[in-house]
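Subject: Structure for you to look at

Hello,

Here is the structure I said I would pass on.

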Amino acid sequence: MAEHLHQSQPQGQGQQPRPHQVVKVATAATAGGSLLVLSGLTLALTAIALTIATPLLVIFSPVIVPAVITAALLIMGFLASGGFGIAAVTVLSCIYRYVTGRHPAGADQLDQARQKLAGKAREMKDRAEQFGQQHIAGQQTS
């Protein structure tokens, strides 16, 4: 019976930790502690900087706020303008290549989609005509 109890114990109990496991734990604890200290220092320095900068922001806010808003609007406008310009050049070059016969990537899919759309439009037109004829015929009989 004593043998049975001895065999049922988990094998992990009674074993000493391996050296590489100890190194992993020590490294994790050191890294975690260092990051925790760094986080606390960052929070403290942010609070100090905010305390020092608040009076300056209050004094210069009538000048700084409109200047920042104006600069932000100018930057966003230039970026949007550049983005739209690049998009327009890309679309125009694709159209030019398509018209001149050099089909860009995806032109076959575009043609198939156009043909499907035209077929569906024709089908809907025929259905609308049939519905209109049935509706007119139904009104004449009643």
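This is a predicted model: local features need pLDDT of at least 70, side-chain atom pairs count only at pLDDT 80 or more; totals for chains, interfaces and linings use all residues.

The protein contains three helices and zero strands, so along the sequence the pattern reads α-α-α. Of its 142 residues, 2% are buried. The accessible surface is about 12800 Å², and carbon and sulfur atoms account for 69% of that.

Now the charged side chains. In general, side chains of opposite charge can pair when their charged atoms come close. How many salt bridges does the count give? The count is two.

One of them joins arginine 114 to aspartate 111, with 3.6 Å between the closest N and O atoms. This pair counts because a side-chain nitrogen of Arg within 4 Å of a carboxyl oxygen of Asp is enough. Both residues belong to helix 3, which spans residues 107-141, and they sit three residues apart, about one turn of the helix. Is aspartate 111 buried or exposed? Aspartate 111 is buried, because its relative accessibility is 16% and the cut-off is under 20%. Arginine 114 is exposed, at 52% relative accessible area, since exposed means over 50%.

The other salt bridge links glutamate 123 with arginine 127, at 3.0 Å from N to O. These two are four residues apart in helix 3, so about one helical turn separates them. Glutamate 123 has a relative accessible area of 31%, which makes this residue partly exposed.

Regards

Note on methods: Residues are numbered from 1 along each chain as its sequence is written. Side-chain values use heavy atoms; hydrogens and water are left out. Buried means under 20% relative accessible area, exposed over 50%, partly exposed in between (1.4 Å probe, protein chains only). Accessible areas come from the Shrake-Rupley method with a 1.4 Å probe; for residues, only the protein chains shown count as cover.
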